[in-house]
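Please open the model in a viewer and keep the selection panel at hand. The stops below proceed from the whole chain to a single residue.

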Amino acid sequence: MNNEDKIVLWNEKNRTKMIAFFTSIIAGFLTYLFLMTNLMSNSDSIMLYSGGTKFDIQTAFSGASTGRWLFTIVEGLVSPYKSPLLIGTIDITLTAFTSYLCADVLKIKKDINAIILGLILISFPSVMSYISFYSIAFPVSVLMAVTSVWVLQRKEKGLRYAWIILGLSLAIFPTNISCALVLIVYTLLVELSLECGKEFLKK
């Protein structure tokens, strides 16, 4: 098999996942571009200024009392100076990767279903709140929760890795365990419907 055949095979195999990804990218910028270029800072989004609080160990683990001990560390990766346009671009990209993994986990085969998935995930109200609060930690947590399900599904001994990834996700925002649980339930329903369809066709 030459390189061209490999590329064609890869495109066919990942077509719906890439459609979900780029749907989220395009729809995300169309939906949130005005917000990203006209956002005024609020009390939650204003974090650190020049000459203000230093990013030290105490600051890094400031969310530990609520179980979010990794939250501030992830937020610190962007730097104290946060641009709505930059944060919005990062959030949209992270959500697009989440769409890609969801399409893979749910075994989506039709283009229209991939488009709907991408649109639903990027237009969800929480995505707007990520950008409004200049936060990358929330979409990172969601992406890691979905990744844990993806790893659990694809690897024979992926349970230990899935637990580690999910644990890190919950250390950013504990309530995102619902993302993993809902995706697992949907996956089981999809697999159950496929098995029932096969049994029905045999009859």
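**Whole chain**

Select the protein chain: of its 203 residues, 40% count as buried, where buried means under 20% relative accessible area, exposed over 50% and partly exposed in between (1.4 Å probe, protein chains only). This is a predicted model, in which local features need pLDDT of at least 70 and side-chain atom pairs count only at pLDDT 80 or more, while totals for chains, interfaces and linings use all residues. Residues are numbered from 1 along each chain as its sequence is written, and side-chain values use heavy atoms, with hydrogens and water left out.

Colour next by secondary structure. The protein chain holds 10 helices and zero strands; these are DSSP runs numbered from the N terminus (helices: H or I, at least four residues; strands: E, at least two).

Now display contacts (heavy atoms within 4.5 Å). Among those between residues at least 6 apart in sequence, 78% join residues at least 24 apart.

Switch to the surface. The accessible surface of the protein chain is about 12,500 Å², and 69% of this belongs to carbon and sulfur atoms; areas follow the Shrake-Rupley method with a 1.4 Å probe, and for residues only the protein chains shown count as cover.

**Nonpolar patch**

Select Leu-152, Leu-159, Trp-163, Ile-177, Leu-181, Ile-184 and Leu-188, which make a nonpolar surface patch of about 670 Å². Helix H9 (159-172) and helix H10 (177-202) each supply at least two of the patch residues, and H10 gives the largest share, four residues.

Finally, centre on Leu-159, located in helix H9. Is Leu-159 buried or partly exposed? Leu-159 is partly exposed, because its relative accessible area is 49%.

Definitions and conventions. Patch = residues over 30% accessible without salt bridge, like charges linked within 9 Å, V, L, I, M, F, W, Y side chains within 5 Å. Salt bridge = Lys/Arg side-chain N within 4 Å of Asp/Glu carboxyl O.
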